[in-house]
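Please work through each task before reading its solution.

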Amino acid sequence: MLSTKDNYLLTKTGPGTSMGNLLRQYWIPALLAEELPHPDCPPVRVKLLGEELIAFRDTNGKLGIVDEFCPHRKVSLFFGRNEDCGLRCAYHGWKFDTDGNCVDLPSEPPESKFKDKVKIKSYPCEERGGVIWTYMGPPESKPELPEQEWMLVSDSQRYISRKIQECNFFQALEGGIDSSHVSILHSGSVGGLGVSKKSNSTTFLAKDTAPRFEVADTDYGLLIGARREADEENFYWRITQFLMPFYTMIPPFAGAPRGGHAWVPIDDENCWVWSWSWTPDRDLTEEEIQQMKSGAGIHPSLIPGTFRTKANKENDFLIDREMQKRGESFAGIFGVGMEDHAVQVSAGPIVDRSQEKLGTSDTAIIKARQCLLKAVKALENGGKLPALDPSSHRIRSASVLLPKGVPFQEGAKEALELREKDFEAV
Amino acid sequence: MLSTKDNYLLTKTGPGTSMGNLLRQYWIPALLAEELPHPDCPPVRVKLLGEELIAFRDTNGKLGIVDEFCPHRKVSLFFGRNEDCGLRCAYHGWKFDTDGNCVDLPSEPPESKFKDKVKIKSYPCEERGGVIWTYMGPPESKPELPEQEWMLVSDSQRYISRKIQECNFFQALEGGIDSSHVSILHSGSVGGLGVSKKSNSTTFLAKDTAPRFEVADTDYGLLIGARREADEENFYWRITQFLMPFYTMIPPFAGAPRGGHAWVPIDDENCWVWSWSWTPDRDLTEEEIQQMKSGAGIHPSLIPGTFRTKANKENDFLIDREMQKRGESFAGIFGVGMEDHAVQVSAGPIVDRSQEKLGTSDTAIIKARQCLLKAVKALENGGKLPALDPSSHRIRSASVLLPKGVPFQEGAKEALELREKDFEAV
Amino acid sequence: MLSTKDNYLLTKTGPGTSMGNLLRQYWIPALLAEELPHPDCPPVRVKLLGEELIAFRDTNGKLGIVDEFCPHRKVSLFFGRNEDCGLRCAYHGWKFDTDGNCVDLPSEPPESKFKDKVKIKSYPCEERGGVIWTYMGPPESKPELPEQEWMLVSDSQRYISRKIQECNFFQALEGGIDSSHVSILHSGSVGGLGVSKKSNSTTFLAKDTAPRFEVADTDYGLLIGARREADEENFYWRITQFLMPFYTMIPPFAGAPRGGHAWVPIDDENCWVWSWSWTPDRDLTEEEIQQMKSGAGIHPSLIPGTFRTKANKENDFLIDREMQKRGESFAGIFGVGMEDHAVQVSAGPIVDRSQEKLGTSDTAIIKARQCLLKAVKALENGGKLPALDPSSHRIRSASVLLPKGVPFQEGAKEALELREKDFEAV
């Protein structure tokens, strides 16, 4: 349960909001690199944190993300021409470079100095790990790009997707933090992750549906241990991180690629769900890539030409009651990621958290809310923010069997470390 | 004409509203029995009086209507599993019985007592006459189910449908009370009810388009006599009832099945239109059933898998100006029920009754408004409400020819009585 | 840049608004004459200035535009019957003539005088130049119909269209006044107007993209001269008019038909774009008509049975990036009119003009705003309004080459005059 005030605070991310200010301190994944495939390719609209923006790659390959609307008479630059090192508005030909400078203004006389007074909002961009990143905050506090494992491996070891989910980003983020639903919602669908239904993890998850949580504050956010009974001597630990401000990591299943997410606000009632799968020490196999494309796992199956999922709230996520009866999906919805998507969206665009009824299994979620609210205060009071140091992202989730009595942070110490040799060897 | 205040009062039915409180004193038809065809069948969403609910039939056949949203993190139980005597949320497996008790809570440790503190809103249900009914009011004032004729006959003597109409329930209800439009709007389409266009009733309806109304208060609502000139010696009376809080009965046409409606709020801008046709003393014929299914009469032709009518406001109710010119439908719209539906919806979601211009032909409608407003006051002052006694529903509408000078309540006395022998004989 | 207050004032046109009052002083093009092709044809809905109206042509051919909703119980007269000199509501048969009088009221007794108290809002109509016009203002100030050249030529010399554009009328009107965008937005598409890409005008437009504006107040609105460098001795002048309250004229291209527009509010977020093309001294050729129908020029290609354009904001105006790269359309959108439509709509339903950045090329637009705001004040203070005299509309736009130093109003004097002999000779 959360106060209405704190619920508002956590979920509103437009310009000038507290949470919006916080998120703007971090780099934000904006587009797949392949959406801007070559210099002077068509510009692409992207909405982030309530701001309507347009991204383009100029003649020299430089990336720009600028206000979607020309400052002159406010028409969309989407219809503009990306050419000769700038994006030119289709209406009167005003032209802007990736830094937002007006570099040509043909509707004014050649001798006019008007051009020098015209500037458009622009945000710095970087391309890393197959993603185009942007930073929407004050220039003076711009950090370095984060260094997460999936960003450091080679392209052939990585598969990335993004999709629109029709609810507030924090509602989706909570699902990413919440280990306890894995035993229930995904009990039938783990096969979609490339995991054997007879594997140890699957058995442990099924056997104990009430994990106990231990949560530790860290310099990147939270380290979350979810403990399940394995046998008389051992606990099965699924250990995951909440990396500020919107990343989650999925504890690995033996043999299957690793996975993680970013949950990024589009506006207050929609979010971008980024998913990445990677193999630290080998290339992804063709079979694994096909499974990812199929929508069976965490990656979506999209309506071509859009980032909308084929299964969506308008079609009740293509619920199949027979599949549900057979136990292939606990919710009757195809795909691990779509199971999450469906239940989260079903709660409405912004859950009224003052009406919830939380249990001990929600411990990690409660801690994540506190973590964000604390960071909001830190920002307002000039305090230090977590996860700004890129190297703090060099960590791994883990799933391990540990003797009872061994603290998970100690027992899993090595598994939680990102050892560069693992992927540099490739 | 109605004050803006009274218009608001009559049309708002959400929790806590005056009209909402009144309607919640009565049983409400919620679903067709066939929508929950067998134990453990898929749950079904149903929205009533602004409340989003979910209906299910448990393993033992017991019916439940509960809040659509799990109290834990508020996701929809629509994606839940109906099994082992309860509806289980797909997210974390919380399970509820038909009474709203939480009977399993697998995400908490076995020793936890948390489960006992969790309850979900639930409403009692009954199945009668092919309909699943619910009662959404205070338990202490729950009445017995009404006893209307169509509920008492055997299944083979009855045809029931429901559809969504895109306007406030009271706007639709007014149409059901309004006898005067029958002479105009339905002048071309009575054939759709199985009535000969050359029958006496049709002739009388066409001849006198300005019926005089006599309306009497009763213990169930209103008894409404609409008098038309038949010949020098006789009046043609169409006698109908407004049964509180939302039922209307159609005066019979000789030879054709009897009919009636319930007009139930979905929310303030949409309503469920229930229609029932029945034959008291014989089975419905195959031809009659086919005609009902065709949409020619009061029953709708629906978009498969939905309760939306194929003809709807988005397609101008498939108006056919040639059919209109030929006089087969005065409005150019196929089907008696769709003619009503179209004109009522065309007035917008909630008519501004402060802008109306009512005539003497609106007498019954004015009385019905008073009847509801009076009941609202009675409820607030602890007075007696009409139509709570089930036997008060054991009445019939009538259409009779009476000598001028004979009061209709006397002359039609026998026709207005529900004689059980009529249908018990079957 | 405009104050928020003045932006509101210019863009709100519903009943009782300042701009709404002003527009209601003028005749308004409402429908194509062919939409009401013969007596007793089906009635047609038309929304103007936020008012929902219905138009019909009665048995005697008389035109009426009345409130869409029957005063009785407010259902739409769209479903009514147009017969025997009146439009009859489908619900209870109330019937209205073109002047809004209730001429039959069959639901009341024959002796009733109720009918005499019932009247429906109605506006006078005229048919002229292939258009049905209406006047929505106070009867005492009704002017004569305007006399624009396209209205005076014969039917075979004229092509007219109307379409819905999804933005405020003034946003579209500004585009019609704005000569400077022609050099950019339409640089690739002038061929769609029947103009050679190698013509002088095309060359001049391409060469000088920064026209200087000279704007003069007139008795009909504004006379706007846009001056471009032609050669050392001459200027190329494109001279256009803003005729109050919402007409613009396109300066001619040699050989091609002349053109003009009216930009009429549907409501505050949508407008009717009227387009007319005409040849003063000859019939339109079949080839010209085909080109107009194709959507290549100012006229739209519509979704059959609607006034919606096939290219619209839902499909990004069918933008074709290859066509854009090839320079056939600067915006990658097919058709001169659709290029305007797309960029104007892309700015949102109502541009926030307090956020604009205007240059010297926006001089005519700034003057047009002042002209409208001045007329609003004149109306409120009982002053004289421009363009009410029909003969003030007897003018022509022009495009001329004039020696530098010659004032455009003198040099183009003859070209700007509407000489009746030109078209009366046909």
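**Exercise 1.** How many salt bridges does the rule find across the interface of chain A and chain B?

*Solution.* The model is a predicted one. A salt bridge requires a side-chain nitrogen of Lys or Arg within 4 Å of a carboxyl oxygen of Asp or Glu. Across the interface of chain A and chain B, the rule gives four such bridges. One pair that meets in a salt bridge is Asp362(A) with Arg73(B), at 3.1 Å from N to O.

**Exercise 2.** Describe the extent of the interface between chain A and chain B.

*Solution.* Begin with the residues: 36 of chain A are in contact with 32 of chain B. Next, consider the area. The size of an interface is often expressed as the accessible area lost when the parts come together. Between chain A and chain B, about 2,700 Å² is buried, and carbon and sulfur atoms give 54% of this area. Arg321(A), Phe330(A) and Lys357(A) supply 24% of what chain A buries against chain B, more than any other three residues.

**Exercise 3.** Which helix of chain A gives the most residues to the side that touches chain B?

*Solution.* First, note that 19 residue pairs are found in polar contact across this interface, with both residues at pLDDT 80 or more. Then list the helices of chain A that each supply at least two residues to the side touching chain B: helix 4 (169-177), helix 7 (321-326) and helix 8 (336-346). Of the helices of chain A, helix 8 gives the most, with four residues. Finally, classify the residues on this side of chain A: 14 are nonpolar, 13 polar and nine charged.

**Exercise 4.** In what order do the four strands of the open sheet in chain B stand?

*Solution.* The order is 2-3-4-9, with antiparallel pairing. Strand 2 (44-48) and strand 9 (122-123) of chain B are at the edges; each has a single partner strand, so one side of each lacks a neighbour in the sheet. Strand 2 of chain B pairs with strand 3 (residues 51-57) of chain B over five bridges, in the antiparallel sense. Within strand 3 of chain B, Glu52(B) stands opposite Lys47(B).

Notes: Residues numbered from 1 in each chain as written. Chains lettered and ligands numbered in written order. Predicted model: local features only at pLDDT ≥ 70, side-chain atom pairs only at ≥ 80, totals over all residues. Heavy atoms only, no water. Contact = heavy atoms within 4.5 Å. Buried area = accessible area lost by both parts, 1.4 Å probe. Polar contact = N/O pair within 3.5 Å; in protein donor to acceptor, adjacent residues only side chain to side chain. Nonpolar A, V, L, I, M, F, W, Y, C, P; charged D, E, K, R; others polar. Pairing = 2+ DSSP bridges.
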